[in-house]
Amino acid sequence: MRRLTVLAMASLLATVVGCGDDAGSEPAGPAVAATAAASSPLVFRQVSAGQDQTCGVTTDNKAYCWGDNNVGELGTGALYGPDLCEEGFPVCHRRPVAVAGGVLFQNVSAGVGFSCGVATDARAWCWGGNGGSLGDGTTTRRLKPVAVHGGHLFRQVTTDAHACGLTTDNRIYCWGPNWAGQLGDGTLATRLSPVAVAGGRTWQLVSAGGGFTCALTTDNQAFCWGDNTVGELGDSSTATRRLVPVRVAGSRRFNQLSSGVGHTCAVTTGARAFCWGWGSLGQLGNGSTANARWPKAVAGGLAFARVTGGYHHTCAKTFGNKVYCWGENTWGTLGNGTEFDGPDDCGGSGCSTRPMAVVGGLSFVQVDAGAYFTCARDKSNLAYCWGDNFLKQSGQITGRIVPAPAPVPGPL
């Protein structure tokens, strides 16, 4: 859900360096090549692509993760496991591994060095590196899920380097790093437990970005708060940050939105996509590489059901379950069958400033953009990923780059 700014990176370093481990954490050990045969692919109800890891919830409500596990973001209860990566990057996992603890989940969100999920009883749980982003009142790294403080009941949780959750009574609570006001509580204080977003509004959706957050009210108005260096709040201002929610400029009403590292895209009630914020790699999709401080229409006139924002790219799903992506194509992020190429040249690397169809002819019912990769779920509820696979976050056993959608293998 994001290349970090300098301050956000500092926050992340505080998360993963110098933090204590939870009881039972496993000491460093050598990589061990897997020899057992993998099982059939898992059947998912939802997948979430993060910075270097992917997590998903199966149709029987079990959580699995794959990719980097450097600070325990896979939630397996240990750094090492049966299917480790090659020597040099030993703690990443090439296949899905079960999240420990036996909690049944309805949805998960993979973030920057940690992951969170909402259980079937509506309680939130988090695991991984912890600069306050786990919401458990500590900065202790957790190798398996711990309950988020406060006793709130959530419908949705969203993560970047911070986390926010939408409660069952349509309130938003956020926790973690707050260097730009991304928690929306009117302060710049890091919060180790959830705090209410200011303003008293009722909400239907929230999306955490790179140092900022955007959300939709129950009457379909878009608001954002936090960092605004490149216009990511969409309020047409030049203010560098906002500590409480401000309305996105214009009179449009939106059904859905998603934030990336420095941009947000949203789908109007008329099924048109608009984006704002950082645009230098084509991630706004309007045919330009300029930043935008208010919503600009995505080129092409396609009708979209949903959008999802990654680090420097965006993907969207049509009502016919076809996926289009735009923005940076480093590592095959756009799924156009190439590794670095695009119709446009954005600062020397291939990109697309307009939507491009993902190759392969597959139909996807859900898609989620991560850092330099994307994952999706097809009509049979099987997971596919494409893009960067350096830490096996795209779920492929071998290879650095996955330029087109490839099925995620089953666990061992």
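## Terms and basis

Two strands are taken to pair if DSSP finds at least two bridges between them, and strands (E, at least two residues), like helices (H or I, at least four), are DSSP runs numbered from the N terminus. This is a predicted model, in which local features need pLDDT of at least 70 and side-chain atom pairs count only at pLDDT 80 or more, whereas totals for chains, interfaces and linings use all residues. Residues are numbered from 1 along each chain as its sequence is written, and side-chain values use heavy atoms, with hydrogens and water left out.

An open sheet is formed by 4 strands in the order 5-6-7-8, with antiparallel pairing. Its edge strands are strand 5 and strand 8 (142–147), each of which pairs on one side only.

Strand 5 and strand 6 (residues 114–119) are antiparallel over 5 bridges, and Val108 has Gly117 in strand 6 as its bridge partner. These two strands form a hairpin with 3 residues between them, and Gly113 in the turn has a positive phi of about 80°. Strand 5 (residues 105–110) is largely enclosed by the rest of the structure, because 5 of its 6 residues are buried (under 20% relative accessible area, 1.4 Å probe, protein chains only).

Strand 7 (residues 124–128) pairs with strand 8 in the antiparallel sense over 3 bridges, and Cys126 stands opposite Val146 in strand 8.

## Surroundings of Gln156

Gln156 belongs to strand 9 (residues 154–159). Leaving aside residues up to four places away in sequence, Gln156 touches Asn107, Val118, Cys164, Gly165, Leu166, Leu205 and Val206, where contact means heavy atoms within 4.5 Å. A polar atom of the Gln156 side chain lies 2.5 Å from the backbone oxygen of Val206.

Conventions:
Polar contact = N/O pair within 3.5 Å; in protein donor to acceptor, adjacent residues only side chain to side chain. Buried < 20%, exposed > 50% of the residue type's maximum accessible area, 1.4 Å probe, protein only.
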